[in-house]
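I opened my notebook to go through the salt bridges and the confidence of this model. Here is what I looked up, entry by entry.

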Amino acid sequence: MSQQTDTSLTGFYKVMNPKEKKTFWGCFLGWALDGMDFMIYPLVIGTIIAVWQVDRGMAGLAVTGTLLASAFGGWFAGYLADRIGRVRTLQFTILWFSSFSLICAFTQDFNQLMIARALLGFGFGGEWAAGAVLMGETIRAEYRGRAVGTVQSAWAIGWGAAVLLQAIMFSLLPADMAWRAMFVVGFFPALLLLYIRRHVDEPEIAKIAREKVVAAGQAPSILEIFKPGILKTTILASLLTMGAQGGYYAITTWVPTFLKAERKLTVVGSTGYLAFLIVGSFIGYLVGAWMADRYGRRKLFMTFSLGAIVLVIAYTQLEITNEMMMWLGFPLGFFASGYFSGMGAFLTELFPTRLRGSGQGFCYNFGRGIGALFPALVGYFSAQYGLAMAIAIFAVIAYGVFFIAAVILPETKGRELQAN
């Protein structure tokens with residue numbers, strides 16, 4: 001099958017050259033380890049509440065702090081990627097979030113943990129910004145959706161690794177030690193720097209764009225994405241990512257606690273339920289990556305946002321048995337995650353090369369920062385309405401915003417990138 005007509009999910013990988021494949025695996029592993037580091041806290045949030053006597057609102061606020069910091073980290077890292085390069089910025093951000101995961105393991109009270117997690121978020125947001133731009137500029141247009149989307153699926157692998165790590169640590173160690181051990185393992189992503197330094201190169205289009213900027217003496221301002229001509233795109237893309245991430249974090253932050261507190265499952269007992277959610281998420285990423293190139297980015301976003309609304313209502317509001325809930329976790333994970341596969345390619349294609357890091361980094365991470373309010377809001381509202389209802393309310397609001405923004409923004413499928 002020719003390069004132009006191969007529409008299979010793996011078609012992009014068959015024709016990639018060695019440079020593209022090395023970049024693909026560097027970003028894939030980086031995002032998987034990033035996902036593992038982030039998901040450790042939602043998995044141990046119930047233990048933290050019990051050990052340090054923290055209320056749900058404060059516990060959710062720690063997630064909010066991490067995501068707010070990631071918003072600034074992603075914006076700054078995107079700007080840095082435009083100034084010093086995608087690869088160098090990627091290396092710096094991985095070292096940053098890995099180091100602060102290790103620091104989390106040695107915190108002595110909840111306030112210290114919140115600060116350490118917020119600082120971890122600064123690098124967490126930056127890693128996505130640098131890696132997504134790097135992938136988007138390295139992979140050719142006809143395969144960009146599938147390649148970047150497949151890298152996005154690594155988040156589910158990182159999530160699964162965190163759940164497996166939880167099951168192992170909480171089986172071998174007492175709870176007050178197990179959560180610390182999980183954060184220690186979160187330092188391991190720093191080892192990925194050795195691979196990136198050796199194998200991953202800067203995209204040629206980014207080099208050319210920076211050379212033009214230097215020659216003209218017109219380095220872009222960090223605020224240039226808010227100027228007329230690009231401002232509308234910045235606002236709408238930010239709303240899109242806010243809805244996408246607000247819904248996702250409202251669900252994934254609190255589902256482990258929901259299973260234990262309202263479904264009366266133990267930490268180890270909830271692992272199977274989370275496994276169905278994670279497998280569904282992984283398949284959703286892969287299907288979403290294929291849909292992004294086959295049907296376009298906007299159709300992917302609209303289909304999955306509507307599916308997520310239906311599934312989160314069913315999961316949290318229907319009177320069903322625990323066994324049925326386990327099976328329902330698969331489609332919930334599928335629709336609540338799969339749309340992220342189109343996000344990186346879509347944002348890459350919306351912005352010119354000289355501003356791509358800043359634009360993509362700001363929009364994705366602004367959405368993450370505002371979406372960060374949703375875990376805290378769920379936590380606070382759960383005191384009055386119950387956790388299940390609070391999750392449903394804020395997830396539906398977020399996915400509604402996501403759907404509307406997807407309707408308004410233009411389709412970018414197949415758009416060729418220019419060194420402008």
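I count a salt bridge where a side-chain nitrogen of Lys or Arg lies within 4 Å of a carboxyl oxygen of Asp or Glu. By that rule, R144, R146, D293, R297 and E349 are linked in a network of salt bridges.

Ground rules first. I am reading a predicted model, where local features need pLDDT of at least 70, side-chain atom pairs count only at pLDDT 80 or more, and totals for chains, interfaces and linings use all residues. Residues are numbered from 1 along each chain as its sequence is written, and side-chain values use heavy atoms, with hydrogens and water left out.

Next, confidence. The pLDDT (the predictor's confidence in each residue, from 0 to 100) has a mean of 85 for the protein, with 94% of residues at 70 or more.

Back to the salt bridges: I find 8 in the structure.

R140 lies in the loop between α5 and α6 and E20 in helix α2, so the pair ties together parts 120 residues apart in sequence. Helices here are DSSP runs (H or I, at least four residues), numbered from the N terminus. R140 counts as partly exposed at 22% relative accessibility, while E20 is buried at 7%.

Methods:
Helices (H or I, at least four residues) and strands (E, at least two) are DSSP runs, numbered from the N terminus. Buried means under 20% relative accessible area, exposed over 50%, partly exposed in between (1.4 Å probe, protein chains only).
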